[in-house]
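Please read them with the model open beside you.

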Amino acid sequence: MKKVLIPITDLKRQYKLIEKELRRAEKQVFTSGIFILGEQLERFESEFADYLGVKYCIGVDSGTSALILALRALGIGKGDEVITPANSYIATSMSISHNQAVPVLVDCDEFYNIDISKIEEKISKRTKAILVVHLYGLPCQIEKIIMIAKKYKLFVVEDCAQAHGASFQGKKVGIFGDIGCYSFYPTKNLGCYGDGGAIVTSNRNIKNKIKLLRNYGQKKKYFHDILGFNNRLDELQAAYLRVKLKYLDEWNEKRRKIAKEYSRKLKDFVITPKELENAYHVYHQYVIRTKKRNELKSMLFGKRISTMIHYPKPIHLQTVYRNLGYRRGSFPNTEKYSGEILSLPIFPEMRDKEVEKVSAIINKIT
Ligand SMILES: *Cc1c(COP(=O)(O)O)cnc(C)c1O
(Lines give C-alpha, C1' and ligand atoms only; values in the text may rest on other atoms or scores of the structure.)
Protein backbone atom coordinates (compact mmCIF):
# COMPACT_ATOMS: atom_id res chain seq x y z
CA MET A 1 0.00 0.00 0.00
CA LYS A 2 1.11 3.53 -0.72
CA LYS A 3 2.41 5.56 2.17
CA VAL A 4 -0.09 7.88 3.86
CA LEU A 5 0.55 11.51 3.04
CA ILE A 6 -1.69 13.10 5.64
CA PRO A 7 -2.72 10.82 8.52
CA ILE A 8 -5.89 11.41 10.54
CA THR A 9 -3.71 11.72 13.63
CA ASP A 10 0.05 11.38 14.14
CA LEU A 11 1.58 10.56 17.51
CA LYS A 12 5.08 10.26 16.05
CA ARG A 13 5.31 14.00 15.50
CA GLN A 14 4.19 14.67 19.06
CA TYR A 15 6.70 12.17 20.41
CA LYS A 16 9.57 14.04 18.75
CA LEU A 17 8.54 17.20 20.58
CA ILE A 18 8.36 15.69 24.06
CA GLU A 19 10.73 12.73 23.81
CA LYS A 20 13.24 14.09 26.33
CA GLU A 21 10.61 14.79 28.94
CA LEU A 22 9.03 11.38 28.49
CA ARG A 23 12.40 9.69 28.89
CA ARG A 24 13.08 11.63 32.06
CA ALA A 25 9.67 10.73 33.47
CA GLU A 26 10.13 7.09 32.59
CA LYS A 27 13.54 6.97 34.23
CA GLN A 28 12.03 8.23 37.48
CA VAL A 29 9.66 5.29 37.47
CA PHE A 30 12.28 2.69 36.63
CA THR A 31 14.71 3.94 39.25
CA SER A 32 11.96 4.05 41.89
CA GLY A 33 11.32 0.34 41.40
CA ILE A 34 7.58 0.94 41.89
CA PHE A 35 5.24 0.29 38.99
CA ILE A 36 1.77 0.02 40.50
CA LEU A 37 0.01 2.44 42.91
CA GLY A 38 2.95 4.71 43.60
CA GLU A 39 3.88 8.35 43.70
CA GLN A 40 3.41 9.06 39.98
CA LEU A 41 -0.20 7.92 40.09
CA GLU A 42 -0.94 9.94 43.22
CA ARG A 43 0.60 13.02 41.69
CA PHE A 44 -1.17 12.63 38.39
CA GLU A 45 -4.49 12.13 40.16
CA SER A 46 -4.11 15.32 42.12
CA GLU A 47 -2.84 17.29 39.12
CA PHE A 48 -5.68 16.16 36.89
CA ALA A 49 -8.25 16.87 39.62
CA ASP A 50 -6.82 20.38 40.03
CA TYR A 51 -6.82 20.90 36.28
CA LEU A 52 -10.51 20.04 36.08
CA GLY A 53 -11.54 21.76 39.29
CA VAL A 54 -12.85 18.66 41.03
CA LYS A 55 -12.04 17.14 44.43
CA TYR A 56 -10.99 13.62 43.51
CA CYS A 57 -9.49 11.72 40.60
CA ILE A 58 -8.97 7.97 40.55
CA GLY A 59 -6.72 6.59 37.81
CA VAL A 60 -7.91 3.38 36.15
CA ASP A 61 -6.72 1.16 33.32
CA SER A 62 -9.04 2.36 30.52
CA GLY A 63 -11.95 4.63 29.71
CA THR A 64 -14.19 1.60 29.52
CA SER A 65 -13.15 0.53 33.05
CA ALA A 66 -13.85 4.07 34.22
CA LEU A 67 -17.42 3.86 32.90
CA ILE A 68 -18.03 0.37 34.27
CA LEU A 69 -16.72 1.21 37.75
CA ALA A 70 -18.57 4.54 37.81
CA LEU A 71 -21.95 2.88 37.26
CA ARG A 72 -21.07 0.10 39.68
CA ALA A 73 -20.10 2.60 42.38
CA LEU A 74 -23.53 4.20 42.00
CA GLY A 75 -25.15 0.84 42.67
CA ILE A 76 -26.52 0.42 39.16
CA GLY A 77 -27.24 -3.21 38.34
CA LYS A 78 -29.78 -5.80 37.25
CA GLY A 79 -33.20 -4.42 36.35
CA ASP A 80 -32.00 -0.82 36.16
CA GLU A 81 -32.15 1.37 33.10
CA VAL A 82 -29.62 3.99 32.06
CA ILE A 83 -30.41 6.63 29.44
CA THR A 84 -27.61 7.20 26.94
CA PRO A 85 -27.10 8.45 23.37
CA ALA A 86 -27.48 6.15 20.35
CA ASN A 87 -24.71 8.16 18.71
CA SER A 88 -21.54 7.26 20.60
CA TYR A 89 -18.74 4.77 20.71
CA ILE A 90 -19.94 1.29 21.72
CA ALA A 91 -18.07 1.45 25.06
CA THR A 92 -20.64 3.85 26.48
CA SER A 93 -23.51 1.37 26.13
CA MET A 94 -21.39 -1.66 26.89
CA SER A 95 -20.44 -0.22 30.28
CA ILE A 96 -24.14 -0.23 31.16
CA SER A 97 -24.63 -3.79 29.91
CA HIS A 98 -21.59 -5.04 31.84
CA ASN A 99 -23.39 -3.96 34.99
CA GLN A 100 -26.44 -6.04 33.93
CA ALA A 101 -28.42 -2.85 33.42
CA VAL A 102 -30.21 -1.86 30.20
CA PRO A 103 -29.04 0.97 27.93
CA VAL A 104 -32.08 3.04 26.92
CA LEU A 105 -31.00 4.89 23.81
CA VAL A 106 -31.88 8.41 22.69
CA ASP A 107 -31.32 9.93 19.24
CA CYS A 108 -28.83 12.75 18.65
CA ASP A 109 -29.40 16.34 17.56
CA GLU A 110 -27.60 18.37 14.91
CA PHE A 111 -24.66 18.82 17.29
CA TYR A 112 -24.28 15.00 17.28
CA ASN A 113 -24.88 14.90 21.04
CA ILE A 114 -27.89 13.45 22.88
CA ASP A 115 -31.16 15.20 21.91
CA ILE A 116 -32.18 16.61 25.29
CA SER A 117 -35.81 17.14 24.22
CA LYS A 118 -36.16 13.36 23.85
CA ILE A 119 -34.80 12.34 27.26
CA GLU A 120 -37.90 12.74 29.45
CA GLU A 121 -40.09 10.43 27.33
CA LYS A 122 -37.55 7.65 27.98
CA ILE A 123 -37.61 7.91 31.77
CA SER A 124 -39.36 5.03 33.55
CA LYS A 125 -39.62 3.71 37.10
CA ARG A 126 -36.47 1.71 36.44
CA THR A 127 -34.34 4.61 35.24
CA LYS A 128 -31.41 5.20 37.56
CA ALA A 129 -29.05 7.42 35.62
CA ILE A 130 -28.31 9.43 32.51
CA LEU A 131 -24.94 8.61 30.95
CA VAL A 132 -24.14 11.51 28.62
CA VAL A 133 -21.30 11.81 26.14
CA HIS A 134 -19.50 14.98 25.05
CA LEU A 135 -18.94 13.58 21.57
CA TYR A 136 -16.10 14.69 19.30
CA GLY A 137 -15.02 17.16 22.02
CA LEU A 138 -18.19 19.28 22.05
CA PRO A 139 -19.82 19.58 25.48
CA CYS A 140 -23.53 18.82 25.48
CA GLN A 141 -25.92 21.29 27.17
CA ILE A 142 -25.14 19.66 30.46
CA GLU A 143 -27.01 22.14 32.68
CA LYS A 144 -30.32 21.12 31.06
CA ILE A 145 -29.50 17.46 31.61
CA ILE A 146 -28.69 18.11 35.27
CA MET A 147 -32.08 19.82 35.64
CA ILE A 148 -33.92 16.79 34.23
CA ALA A 149 -31.87 14.47 36.45
CA LYS A 150 -32.74 16.53 39.55
CA LYS A 151 -36.44 16.49 38.69
CA TYR A 152 -36.50 12.68 38.44
CA LYS A 153 -33.78 12.00 41.05
CA LEU A 154 -31.37 10.36 38.63
CA PHE A 155 -27.59 10.15 38.70
CA VAL A 156 -25.60 11.82 35.95
CA VAL A 157 -22.40 10.29 34.62
CA GLU A 158 -20.38 12.12 31.96
CA ASP A 159 -18.40 10.19 29.36
CA CYS A 160 -15.58 12.67 28.67
CA ALA A 161 -13.42 10.24 26.68
CA GLN A 162 -13.34 12.67 23.74
CA ALA A 163 -13.45 15.93 25.68
CA HIS A 164 -10.33 16.48 27.81
CA GLY A 165 -10.16 20.20 28.52
CA ALA A 166 -13.56 20.98 26.99
CA SER A 167 -15.68 23.31 29.07
CA PHE A 168 -19.24 24.49 29.41
CA GLN A 169 -20.00 27.96 30.81
CA GLY A 170 -16.39 28.15 31.92
CA LYS A 171 -16.38 24.87 33.84
CA LYS A 172 -14.58 21.76 32.62
CA VAL A 173 -16.73 18.82 31.57
CA GLY A 174 -16.75 15.85 33.92
CA ILE A 175 -17.49 17.89 37.03
CA PHE A 176 -21.17 18.72 36.42
CA GLY A 177 -22.61 15.29 37.12
CA ASP A 178 -22.00 12.82 39.94
CA ILE A 179 -19.07 11.25 38.12
CA GLY A 180 -16.93 12.08 35.08
CA CYS A 181 -15.09 9.37 33.12
CA TYR A 182 -12.00 9.89 31.00
CA SER A 183 -10.05 7.67 28.61
CA PHE A 184 -6.34 8.08 27.96
CA TYR A 185 -6.29 5.83 24.89
CA PRO A 186 -3.22 7.03 22.93
CA THR A 187 -5.07 9.07 20.28
CA LYS A 188 -7.38 10.95 22.66
CA ASN A 189 -6.70 14.66 23.30
CA LEU A 190 -4.85 13.55 26.42
CA GLY A 191 -3.49 10.07 25.81
CA CYS A 192 -0.90 7.79 27.36
CA TYR A 193 1.22 5.07 25.72
CA GLY A 194 -1.07 2.13 26.19
CA ASP A 195 -4.49 1.95 27.82
CA GLY A 196 -5.50 4.25 30.64
CA GLY A 197 -8.42 6.15 32.11
CA ALA A 198 -9.68 8.14 35.08
CA ILE A 199 -12.77 8.75 37.12
CA VAL A 200 -13.43 12.14 38.69
CA THR A 201 -15.92 13.11 41.37
CA SER A 202 -16.34 15.50 44.26
CA ASN A 203 -18.24 12.94 46.32
CA ARG A 204 -16.04 11.33 48.95
CA ASN A 205 -18.11 8.16 49.31
CA ILE A 206 -18.03 7.55 45.57
CA LYS A 207 -14.28 8.15 45.54
CA ASN A 208 -13.73 5.64 48.33
CA LYS A 209 -15.91 3.04 46.64
CA ILE A 210 -14.08 3.37 43.34
CA LYS A 211 -10.69 3.11 45.03
CA LEU A 212 -11.83 -0.20 46.52
CA LEU A 213 -13.32 -1.44 43.26
CA ARG A 214 -10.20 -0.79 41.19
CA ASN A 215 -7.97 -2.72 43.59
CA TYR A 216 -9.61 -6.03 44.64
CA GLY A 217 -11.79 -4.37 47.25
CA GLN A 218 -8.87 -3.81 49.60
CA LYS A 219 -8.04 -0.76 51.67
CA LYS A 220 -5.34 -2.64 53.52
CA LYS A 221 -3.22 -5.09 51.52
CA TYR A 222 -4.68 -8.64 51.60
CA PHE A 223 -7.82 -7.57 53.48
CA HIS A 224 -10.75 -7.55 51.06
CA ASP A 225 -14.00 -5.81 51.98
CA ILE A 226 -15.92 -5.97 48.71
CA LEU A 227 -15.74 -7.78 45.37
CA GLY A 228 -13.26 -5.73 43.39
CA PHE A 229 -11.24 -5.84 40.20
CA ASN A 230 -7.76 -5.10 38.97
CA ASN A 231 -8.37 -1.81 37.13
CA ARG A 232 -5.38 0.30 38.16
CA LEU A 233 -3.55 2.94 36.10
CA ASP A 234 0.15 2.01 36.22
CA GLU A 235 3.06 4.24 37.22
CA LEU A 236 4.59 4.54 33.75
CA GLN A 237 1.34 5.71 32.19
CA ALA A 238 0.77 8.13 35.06
CA ALA A 239 4.28 9.55 34.59
CA TYR A 240 3.71 10.02 30.84
CA LEU A 241 0.36 11.63 31.48
CA ARG A 242 1.91 14.13 33.89
CA VAL A 243 4.20 15.27 31.07
CA LYS A 244 1.40 15.54 28.55
CA LEU A 245 -1.14 17.22 30.84
CA LYS A 246 1.03 20.34 30.82
CA TYR A 247 0.53 20.63 27.06
CA LEU A 248 -3.18 19.85 26.93
CA ASP A 249 -4.47 23.43 26.75
CA GLU A 250 -1.93 24.41 24.12
CA TRP A 251 -2.73 21.32 22.05
CA ASN A 252 -6.47 21.94 22.30
CA GLU A 253 -5.97 25.52 21.13
CA LYS A 254 -4.12 24.19 18.09
CA ARG A 255 -6.94 21.78 17.33
CA ARG A 256 -9.40 24.68 17.55
CA LYS A 257 -7.33 26.76 15.18
CA ILE A 258 -7.24 23.95 12.62
CA ALA A 259 -10.99 23.43 13.00
CA LYS A 260 -11.63 27.13 12.46
CA GLU A 261 -9.54 27.08 9.32
CA TYR A 262 -11.31 23.97 8.00
CA SER A 263 -14.72 25.52 8.68
CA ARG A 264 -13.78 28.76 6.94
CA LYS A 265 -12.64 26.89 3.87
CA LEU A 266 -15.32 24.19 3.76
CA LYS A 267 -18.54 25.83 4.90
CA ASP A 268 -19.90 26.42 1.40
CA PHE A 269 -19.25 22.85 0.30
CA VAL A 270 -20.17 20.53 3.17
CA ILE A 271 -21.96 20.75 6.53
CA THR A 272 -19.30 21.84 9.01
CA PRO A 273 -19.49 21.23 12.80
CA LYS A 274 -21.75 23.60 14.71
CA GLU A 275 -20.39 25.34 17.78
CA LEU A 276 -22.30 26.35 20.90
CA GLU A 277 -21.77 29.82 22.29
CA ASN A 278 -21.32 28.72 25.88
CA ALA A 279 -19.15 25.68 25.12
CA TYR A 280 -15.42 25.27 24.47
CA HIS A 281 -15.13 22.58 21.78
CA VAL A 282 -11.80 20.70 21.82
CA TYR A 283 -12.20 18.95 18.45
CA HIS A 284 -11.14 15.44 19.28
CA GLN A 285 -12.62 14.87 15.83
CA TYR A 286 -13.45 17.36 13.11
CA VAL A 287 -16.58 15.88 11.56
CA ILE A 288 -18.16 17.12 8.35
CA ARG A 289 -21.32 15.90 6.68
CA THR A 290 -22.16 15.40 3.01
CA LYS A 291 -24.44 13.20 0.91
CA LYS A 292 -21.35 12.36 -1.16
CA ARG A 293 -19.51 10.95 1.84
CA ASN A 294 -18.39 7.60 0.40
CA GLU A 295 -17.23 9.20 -2.82
CA LEU A 296 -15.34 11.85 -0.89
CA LYS A 297 -13.73 9.33 1.42
CA SER A 298 -12.40 7.21 -1.44
CA MET A 299 -11.19 10.26 -3.39
CA LEU A 300 -9.25 11.43 -0.34
CA PHE A 301 -7.91 7.93 0.15
CA GLY A 302 -6.72 8.02 -3.46
CA LYS A 303 -4.78 11.16 -2.60
CA ARG A 304 -3.31 9.33 0.43
CA ILE A 305 -5.29 11.37 2.96
CA SER A 306 -6.77 9.27 5.72
CA THR A 307 -10.22 9.88 7.13
CA MET A 308 -12.52 7.87 9.39
CA ILE A 309 -16.20 7.45 10.15
CA HIS A 310 -17.24 7.87 13.78
CA TYR A 311 -19.27 5.68 13.64
CA PRO A 312 -20.34 3.69 10.57
CA LYS A 313 -22.93 1.52 12.35
CA PRO A 314 -25.09 2.97 15.15
CA ILE A 315 -25.18 1.16 18.49
CA HIS A 316 -28.83 0.08 18.15
CA LEU A 317 -28.11 -1.68 14.83
CA GLN A 318 -25.10 -3.61 16.12
CA THR A 319 -25.43 -7.40 16.34
CA VAL A 320 -24.55 -7.37 20.04
CA TYR A 321 -27.60 -5.18 20.74
CA ARG A 322 -30.22 -7.00 18.68
CA ASN A 323 -31.89 -7.95 21.95
CA LEU A 324 -32.67 -4.31 22.84
CA GLY A 325 -35.51 -4.40 20.31
CA TYR A 326 -34.60 -1.38 18.21
CA ARG A 327 -34.72 -1.45 14.42
CA ARG A 328 -33.79 0.67 11.44
CA GLY A 329 -35.83 3.85 11.82
CA SER A 330 -35.64 3.93 15.63
CA PHE A 331 -33.19 6.87 15.64
CA PRO A 332 -33.49 8.81 12.36
CA ASN A 333 -30.76 11.39 12.97
CA THR A 334 -28.16 8.91 14.18
CA GLU A 335 -28.90 6.65 11.22
CA LYS A 336 -28.89 9.42 8.63
CA TYR A 337 -25.69 10.94 9.96
CA SER A 338 -23.85 7.62 10.06
CA GLY A 339 -24.16 7.57 6.26
CA GLU A 340 -23.00 11.16 5.81
CA ILE A 341 -20.33 11.96 8.40
CA LEU A 342 -16.61 11.99 7.80
CA SER A 343 -13.82 12.75 10.29
CA LEU A 344 -10.97 14.70 8.72
CA PRO A 345 -7.31 14.68 9.81
CA ILE A 346 -6.85 16.82 12.92
CA PHE A 347 -4.04 16.81 15.47
CA PRO A 348 -2.08 19.60 17.14
CA GLU A 349 1.04 19.10 15.04
CA MET A 350 -0.82 19.25 11.72
CA ARG A 351 0.72 21.80 9.37
CA ASP A 352 -1.14 24.72 7.77
CA LYS A 353 -0.22 23.39 4.35
CA GLU A 354 -1.83 20.06 5.17
CA VAL A 355 -5.08 21.70 6.28
CA GLU A 356 -5.03 23.65 3.05
CA LYS A 357 -4.41 20.56 0.97
CA VAL A 358 -7.25 18.55 2.52
CA SER A 359 -9.63 21.50 2.16
CA ALA A 360 -8.66 22.15 -1.46
CA ILE A 361 -9.35 18.56 -2.44
CA ILE A 362 -12.75 18.58 -0.73
CA ASN A 363 -13.68 21.83 -2.42
CA LYS A 364 -12.83 20.37 -5.78
CA ILE A 365 -14.86 17.21 -5.28
CA THR A 366 -18.01 18.50 -3.62
C1 LIG B 1 -12.50 5.99 23.64
C2 LIG B 1 -13.86 6.04 24.19
C3 LIG B 1 -14.28 5.21 25.25
C4 LIG B 1 -13.46 4.06 25.76
O5 LIG B 1 -12.20 4.37 26.21
P6 LIG B 1 -11.06 3.23 26.25
O7 LIG B 1 -9.96 3.87 27.00
O8 LIG B 1 -10.72 2.92 24.84
O9 LIG B 1 -11.62 2.06 26.96
C10 LIG B 1 -15.53 5.41 25.78
N11 LIG B 1 -16.37 6.33 25.30
C12 LIG B 1 -16.04 7.12 24.25
C13 LIG B 1 -17.00 8.15 23.77
C14 LIG B 1 -14.77 7.00 23.66
O15 LIG B 1 -14.46 7.77 22.62
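1. A polar side-chain atom of Ser183 lies 2.7 Å from an oxygen atom of the ligand, a polar contact being a pair of N or O atoms within 3.5 Å. An oxygen atom of the ligand is likewise 2.8 Å from a polar backbone atom of Gly63, and one is 2.8 Å from an N or O atom in the side chain of Gln162. The ligand taken alone exposes 380 Å², of which the protein buries 92% (accessible areas by the Shrake-Rupley method with a 1.4 Å probe).

2. The model is predicted, so that local features need pLDDT of at least 70 and side-chain atom pairs count only at pLDDT 80 or more, while totals for chains, interfaces and linings use all residues. Residues are numbered from 1 along each chain as its sequence is written, and side-chain values use heavy atoms, with hydrogens and water left out.

3. Around the ligand there are 15 residues, of which Gly63, Thr64, Asp159, Ser183 and Lys188 come nearest (a residue counts if one of its heavy atoms lies within 4 Å).

4. Helix 3 (residues 63-73) packs against helix 4 (residues 90-97) at an angle of about 35 degrees, with the axes 9 Å apart; axes are lines fitted to C-alpha atoms over the stretch in contact, and angles run from 0 to 180 degrees between N-to-C directions. Helices are DSSP runs (H or I, at least four residues) numbered from the N terminus. Thr64, Leu67, Ile68 and Leu71 of helix 3 meet Ala91, Thr92, Ser95 and Ile96 of helix 4, contact meaning heavy atoms within 4.5 Å.

5. Two backbone details deserve a check. His310 and Tyr311 are joined by a cis peptide bond with omega about 15 degrees, and Tyr311 lies in the loop between helix 9 (293-302) and helix 10 (332-338). Leu37, although not a glycine, has a positive phi of about 50 degrees.

Terms used: Helices (H or I, at least four residues) and strands (E, at least two) are DSSP runs, numbered from the N terminus. A polar contact is a pair of N or O atoms within 3.5 Å; within protein, one must be able to donate a hydrogen and the other to accept it, and residues adjacent in sequence count only if both atoms are side-chain atoms.
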